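These are my notebook entries on one protein structure. I set down what I looked up, in the order in which I looked.

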Amino acid sequence: MDDEVIVEINSDADLVTARAEARALASRLGFSRTDATLIATALSEIARNIVVHVGRGRITMRHVREERRYGLVAVAEDEGPGIRHLGAALAEGNASRGGLGLGLPGARRLMDEFEVVCGSVRGTTVTMKKWRIPDELELLRQKRRGGGGARPNPAKADPRR
Ligand SMILES: Nc1ncnc2c1ncn2[C@@H]1O[C@H](COP(=O)(O)OP(=O)(O)OP(=O)(O)O)[C@@H](O)[C@H]1O
Ligand SMILES: [Mg+2]
């Protein structure tokens with residue numbers, strides 16, 4: 001379950017890959033289909049920014065675990081010019097080059113944690129996390145197993161999702 005997925009972002013075609021890989025990892029980690037879609041959408045917006053505003057970069061996704069929760073973390077990195085007015089870019093409607101300026105704020109809303117760091121000279125790194133909220137049945141099972149920390153259960157395969 002410690003798989004790490006790296007998607008190189010160079011063109012529009014890679015957005016499809018990023019989206020598919022995000023969705024696949026999210027479902028391997030037991031996220032609901034809805035959450036997997038939200039994660040995939042956020043990642044594809046950030047990947048699209050790399051294609052449109054920089055040209056190339058990469059997204060790394062993996063499982064993140066803390067004592068009582070687990071989730072998915074994605075890190076998007078590029079060596080572009082950085083985001084000049086970051087505060088404004090994170091607010092809606094601040095686009096350049098004809099976009100709508102919804103990508104960054106939209107992606108931020110879809111994820112639980114969202115951090116943008118621009119290098120002092122070049123580069124932008126966007127780190128996004130989504131935490132997985134176990135449902136009641138899962139909590140009950142965990143309790144029965146003896147509490148054990150948060151752990152993804154790919155076998156969970158809830159048919160309702
Ligand atoms: N990786 C990046 N490198 C440099 N600048 C970026 C990067 N990502 C975003 N930006 C800047 O932040 C602005 C806001 O990004 P956002 O995705 O919200 O809007 P947009 O890409 O312009 O339009 P939209 O995504 O709605 O089509 C962009 O216009 C661009 O100037
Ligand atoms: Mg955008």
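Entry 1: contacts of one residue. I then looked up I59, leaving aside its neighbours within four places in sequence, and found it in contact with V7, I9, A18, L43, A47, A74 and A76.

Entry 2: the source. I noted that this is a predicted model, in which local features need pLDDT of at least 70, side-chain atom pairs count only at pLDDT 80 or more, and totals for chains, interfaces and linings use all residues. Residues are numbered from 1 along each chain as its sequence is written, and chains are lettered from A and ligands numbered from 1 in the order in which they are written.

Entry 3: the elements. I took helices (H or I, at least four residues) and strands (E, at least two) as DSSP runs, numbered from the N terminus. The protein has five helices and five strands. Along the sequence I read the pattern β-α-α-β-β-α-α-β-β-α. I also looked up contacts with a separation of 6 or more, and 62% of them join residues 24 or more positions apart.

Entry 4: the sheet. I counted two strands as paired if DSSP finds at least two bridges between them. The five strands form an open sheet in the order β1-β2-β3-β5-β4, with antiparallel pairing. β1 (4–9) and β4 (113–118) stand at the edges with a single partner strand each, so one side of each is left without a neighbour in the sheet. From one strand to the next, the twist averages 15 degrees.

Entry 5: two pairings. β2 and β3 pair in the antiparallel sense over nine bridges, and four residues lie between them in a hairpin. In this pairing I found that G57 has D78 of β3 as its bridge partner. Strand β3 (residues 70–78) also pairs with strand β5 (residues 124–132), in the antiparallel sense and over nine bridges. There V73 has K129 as its bridge partner, and A74 stands opposite M128.

Entry 6: a helix on the sheet. Helix α1 (residues 12–28) lies across β1, β2 (57–65) and β3, and runs at about 165 degrees to β1. For this angle, axes are lines fitted to C-alpha atoms, for helices over the stretch in contact, and angles run from 0 to 180 degrees between N-to-C directions.

Entry 7: I called a residue buried if 20 or more other C-beta atoms lie within 10 Å of its own, exposed if 12 or fewer, and partly exposed in between, with C-beta atoms placed from the backbone. Of the 161 residues, 27% count as buried. A nonpolar core is a set of buried Ala, Val, Leu, Ile, Met, Phe, Trp, Tyr and Cys residues joined through C-beta atoms within 7 Å. The largest such core has 27 residues, of which A22, I39, L43, A47 and I59 touch the most other members. At least two residues of this core come from each of β1, α1, α2, β2, β3, α4 and β5. α2 gives the most, with eight residues.

Entry 8: helix α2. α2 has 22 residues and reaches 31 Å from its first C-alpha to its last, close to the 32 Å expected at 1.5 Å a residue; the expected span is 1.5 Å times one less than the number of residues. Its buried residues include D35, A36, I39 and A40. The cover over the buried residues of α2 includes β1, α1, β2, β3, α4 and β5. Just after α2, G55 takes a positive phi of about 115 degrees.

Is A40 buried or exposed? A40 counts as buried because it has 20 C-beta neighbours inside 10 Å. Not counting residues up to four places away in sequence, A40 touches R19, A22 and R23. The C-alpha atoms of A40 and A22 are separated by 5.1 Å, although the two are 18 residues apart along the chain.

Entry 9: In α4 (residues 103–110), I found G103, L104, A107 and R108 buried. Seen down the axis of α4, its buried residues fall within an arc of 130 degrees, so they line one face of the helix; the arc is that of the directions from the helix axis to the C-beta atoms. These residues pack against α2 (33–54), α3 (86–90), β4 and β5. Of the ten residues of α5 (residues 136–145), the number buried is zero, so α5 lies largely in the open. G146 follows α5 and has a positive phi, near 110 degrees.

Notes
Two residues are in contact if their C-beta atoms, placed from the backbone, lie within 7 Å.
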